[in-house]
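Let's take a quick tour of one protein model, looking at a few side chains and who they pair up with. Have the viewer open as you read.

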Amino acid sequence: MAPGPQALLSVSDKTGAVSFARGLVDCGYTLLSTGGTSQALATAGLAVTDVASYTGFPEMLDGRVKTLHPKVHAGILARRDLPAHRAALADHAIPLIDLVVVNLYPFRETVARPDCSFDDAIENIDIGGPAMVRSAAKNWRHVGVVVDPADYDHVLAELAQLRGLCDATRFALMQKAFAHTASYDGAIANWLNARSASGAVERFPRSFRMGGERIQALRYGENPHQAAAFYRDEAPLPGGLASFRQLQGKALSYNNIADADAAWECVRSFAGPACVIVKHANPCGVAVAATPLEAYRAALATDPLSAFGGIIAFNRPVDAATVEAVAAQFVEVLLAPGYADDAPAAIAQRKNVRVLEIPLPEGATARNDFDIKRVGGGFLLQTPDDGDVGAADLRVVTARRPTPAQRDDLLFAWRVAKFVKSNAIVYAARGRTLGIGAGQMSRVDSTRIAASKAAQAGLSLAGAAVASDAFFPFRDGVDVVAENGAAAIIQPGGSVRDDEVIAAADERGIAMVFTGVRHFRH
């Protein structure tokens, strides 16, 4: 039997493993380890027993079998409070294992490689590791289990202070361990269920598992009588909202997060300096300009009434002058990839404003693999709306062709319309929105509302470009657009009345282009 507490270490991610093992030795632990981990510890001068010599059974089948042995699992699973368990260990000379430090074969990292073969993926499915983690987690009242190098410092500090781990720590480590193996198995299941025996890849897995880590519990959900929490994907995308750091302000609410995501996804879709103002998940002002401050002023002018209490997002770091301008109005959340050193002071007196910093690495345009919508007893899964179009994709369908300037306005309006709730209509010119109509049951009503918004803001629609997220079902929408002075329209096309709509545009002297792409947003 081991003279003192014993720790078993078997890690694929060896970050901090040597220093952690050294700390365990300082706390009186003897070390038991496998393969590469054992070699790393021995090379560092630590006394370590290899599992093969411990069990008296060599690693075999190219390392597939090394810890699947009663001397390992009995030492982990034995309940210290049951005399029968202790007697069984004594009968078979099996020492206790008090701490299990395991993280698993890098399956996700392996399948993310473009050159990963099916056999490579299969060989990177860990078997013994999850078994040890689950054994230790099941016996959490007596055994500590560590799956994350981020926990090493806390575990060592507690071992040094208490000569063991308290119940609360072991329970928290157990929770993390089962989440770790569930996530691991979910990744394997999703990958395998998206493939056939012949190796063909399907877009959607036959079964789908997802998981996340809770960032924070929220005061309430969409309404005060609903409970809510915010979760981050296990592998969040670079540049996504979930990578935020809050610099000041009250805790984020459910609606703050939903609206902030709408603003952030829209603003990061622009290449040049841009500002997006969102209210109730809809953009109410969008602009691109030479500087963030100029973009903000143009975006605000679209609909200053709706911008009150809105979410304001920039895709460039902002300076103090820009933050001061934003702070002059009531704003719920301010988002940017960075802030000048003097910028936080410019908004510090507005203590309730939530200021978020979200790193936006160059080229970080990736979206989530899937969008998910819950329905009663199930959920809908779809790929993200990445159907962007460029100038070469536009098909002119009217006698009048858009000028180069109008073409740029059309593409800008089209990009904004993608983020507006259907039915969506966007008037724009010179890199800024002039009026936005959203979420109406009829498209012509959205057209009228957008024009009404422009009038309220004192903005002329003469010569403006108009984007419609889906086709015009009748000519009435085109007539409203023309009556308000717009000069060009971008829409998907595809209506049974396309000929009627095109004829109306020709009659009104309006240029019209089809994209062949629809952007419904529900």
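## A buried glutamine

Gln491 is buried, its relative accessible area being 0%. This is a predicted model, by the way. You'll find Gln491 in strand β20, which covers residues 488-491.

Its side chain gets to the backbone nitrogen of Gly493, at 3.0 Å. Leaving aside residues up to four places away in sequence, Gln491 touches Trp414, Ser468, Ala470, Phe471, Phe472, Val501, Met512, Val513, Phe514 and Thr515.

## Salt bridges

Side chains of opposite charge can pair when their charged atoms come close. Here, the count of salt bridges comes to 20.

Take Asp469 and Arg443: their closest N and O atoms sit 2.6 Å apart. Asp469 is in the loop between β19 (465-468) and α18 (476-483), while Arg443 belongs to helix α17 (residues 443-456), so this pair ties together parts 26 residues apart in sequence. Both Asp469 and Arg443 are buried. Arg407 and Asp408 also form a salt bridge, at 3.6 Å from N to O; Arg407 counts as partly exposed at 34% relative accessibility, and Asp408 is partly exposed at 45%.

## A charged network

Which residues are linked in a network of salt bridges? They are Arg475, Asp479, Glu483, Glu507 and Arg508. Within the Asp479 and Arg475 pair, the closest N and O atoms are 3.0 Å apart. Asp479 counts as buried at 14% relative accessibility, whereas Arg475 is partly exposed at 24%.

Ile372 sits in strand β14 (residues 371-375) and is partly exposed, at 37% relative accessibility.

Note on methods. Residues numbered from 1 in each chain as written. Predicted model: local features only at pLDDT ≥ 70, side-chain atom pairs only at ≥ 80, totals over all residues. Heavy atoms only, no water. Helix = DSSP H or I, 4+ residues; strand = E, 2+ residues; numbered from the N terminus. Buried < 20%, exposed > 50% of the residue type's maximum accessible area, 1.4 Å probe, protein only. Polar contact = N/O pair within 3.5 Å; in protein donor to acceptor, adjacent residues only side chain to side chain. Contact = heavy atoms within 4.5 Å. Salt bridge = Lys/Arg side-chain N within 4 Å of Asp/Glu carboxyl O.
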